[in-house]
Each structure stands twice: as structure tokens, then as C-alpha cells.
Amino acid sequence: MDAADVKLYDYAASANCYKARLLLAQLGREYTRVAVDIFDGATLTDDYERLNPHRSTPVLELPDGRTLVESNAIMWYLAAGSPFLPDDPLDQADVCRWLIYEQTDVMPMIGGLRFRLVTGRIAADSDAAATRRAGAYEVLAILDRHLASRSFLAAGRYTIADIAVFAYSHVAHDAGIDTTGFPYFEAWLERVRAQPSFVDDLEPYPPNASVLAGRSTYG
């Protein structure tokens, strides 16, 4: 398969999309990037629904027209056979559990709070913000304890587990989260940034991402 024939339907301000871009960069794979403005109605069209019925980004399209959705599934596919996904079944399961935790806890508590605050969907002093903020600090405490005795999250090396968790957790400050009390977590962030071919091209949310400013599934 010609790597350049792979298409990534992508929103530059989404950390889920950033995961795929970071992995592709570190794999050294060429790909075609298709910009999707999720706040300008781009995912609401019939054509996009055929591409992804969930109307989310990212989407990976293969040369034969098959598509893969959900950022962590896309990373798993791309990382297969590379050092970013171990071959050992137990190590794979270890990676998988962090991918699950990233989606159930890291993204909702840190990423969800960041998105809602930055785009004006909730106020910083609201009960909703307080709930997510407390959850974010619980996430950071868990990560900090885990990383106190290891350099990376899973399998004894840098994997897609680290990419997944890094994507939203490294911008926790955008949500007003103070990470200075979590030194092992902060040291891990620097180890991730020091990996070969690392890129951080996550863009800030544009004005049309603000509540009621655009047309999207997010309102």
C-alpha cells in the first residue's frame, strides 16, 4: 500500500486528530490530510455521513475506500507491526487499557473541561466545571502515581498509549489545571516531547467553535 494514498480527515484543533498526526509523523508515513471544519457544518453533510455515520473526526480512509473511525482505533491500525504497538499479548492488553482509560477519564475530564471552558459552554465557577476539574485532578494523581516507577505508561517503552494520553493531558493548563503538583507526570510530558520526530501542531479552537457561533453536533 502506498502510504501517500492514505487520507486523514482531520480537524486541527482536535486532540483526537492530533494523536493520529503525531503517530504518522513518528512513523515517517506520508498521507493526505483533508481539513474538516467541524464547526462550519462540514460533518453535517450527507457525504460526510457516508464517510462516518458518527459525524466525528478523525477518519482514516484507505486506498480501497474503506474507512476507520475513532482515534485510538486508527492509531492501533497504523501502529501494527511497529515499535509503537508491542507484539506480546500482555503488553498489547496493557496498551489497550490505557487507550480505554484515555477515552473514559482523560478526555472527558481534561479535554472536556478545556473544550467547554475555552468555547464558553460552561463557566469556570459552575458546578459542571467543578465536577470535571475534580475529575481532572484525580486523573493526574493516577498518572503521577503510575509514572513514579516507570518512564512510559505501558509495555516498558513509548507506545500509542503515551500518544493517546499525552494528546489531551499536555494542554491541561488550558482548562486552568495546575500540573505542578504532579512531578512524575510533568517529567513524562518532557520524555514524550523528546521522542524522535515529535510534533505538536495542535491548534487553538477558532472563534466559530464558541457556543452557538457555528454549525456542528456540539451546539
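Two strands pair if DSSP finds at least two bridges between them. I kept that in mind while going through this model, which is predicted.

**Entry 1: starting with β1**

I looked up β1 first, at residues 7-10, and checked it against β2, at residues 32-35. The two run in the parallel sense, and I found four bridges linking them.

Helix α1 covers residues 15-27, and together with β1 and β2 it makes a β-α-β unit that is right-handed.

**Entry 2: β1 again, now with β3**

In which sense do β1 and β3 pair, parallel or antiparallel? I checked, and it's antiparallel, over three bridges, with β3 at residues 59-61. K7 stands opposite E61 in β3, and L8 faces L60 in that strand.

**Entry 3: the sheet as a whole**

I put the strands in order and got β2-β1-β3-β4. This is an open sheet of four strands, and its pairing is mixed. Which strands are at the edges? They are β2 and β4, as each of them pairs on one side only.

**Entry 4: a closer look at V69**

I zoomed in on V69, which belongs to β4 (residues 67-69). Leaving out residues up to four places away in sequence, V69 touches N52, H54, P58, V59 and I74. I checked H54 in particular: H54 and V69 are 15 residues apart along the chain, and their C-alpha atoms are separated by 8.6 Å.

**Entry 5: α3 against α4**

Last stop: α3 (residues 71-79) and α4 (residues 89-118), whose axes come within 10 Å and cross at roughly 155°. Angles over 145 degrees count as roughly antiparallel, so α3 is roughly antiparallel to α4. Their crossing is right-handed.

Which residues make the contact? On the α3 side I listed S71, N72, M75 and W76. On the α4 side I wrote down Q92, V95, C96, L99, E102 and Q103. Sorted by class, that contact has five nonpolar residues, four polar ones and one charged.

Key
Residues numbered from 1 in each chain as written. Predicted model: local features only at pLDDT ≥ 70, side-chain atom pairs only at ≥ 80, totals over all residues. Heavy atoms only, no water. Axes fitted to C-alpha atoms, helices over the stretch in contact; angles between N-to-C directions. Parallel < 35°, antiparallel > 145°, perpendicular 65-115°, else oblique. Left-handed = near helix turned anticlockwise from the far one by under 90°. Contact = heavy atoms within 4.5 Å. Nonpolar A, V, L, I, M, F, W, Y, C, P; charged D, E, K, R; others polar. Right-handed = clockwise from strand over helix to strand, strands pointing away.
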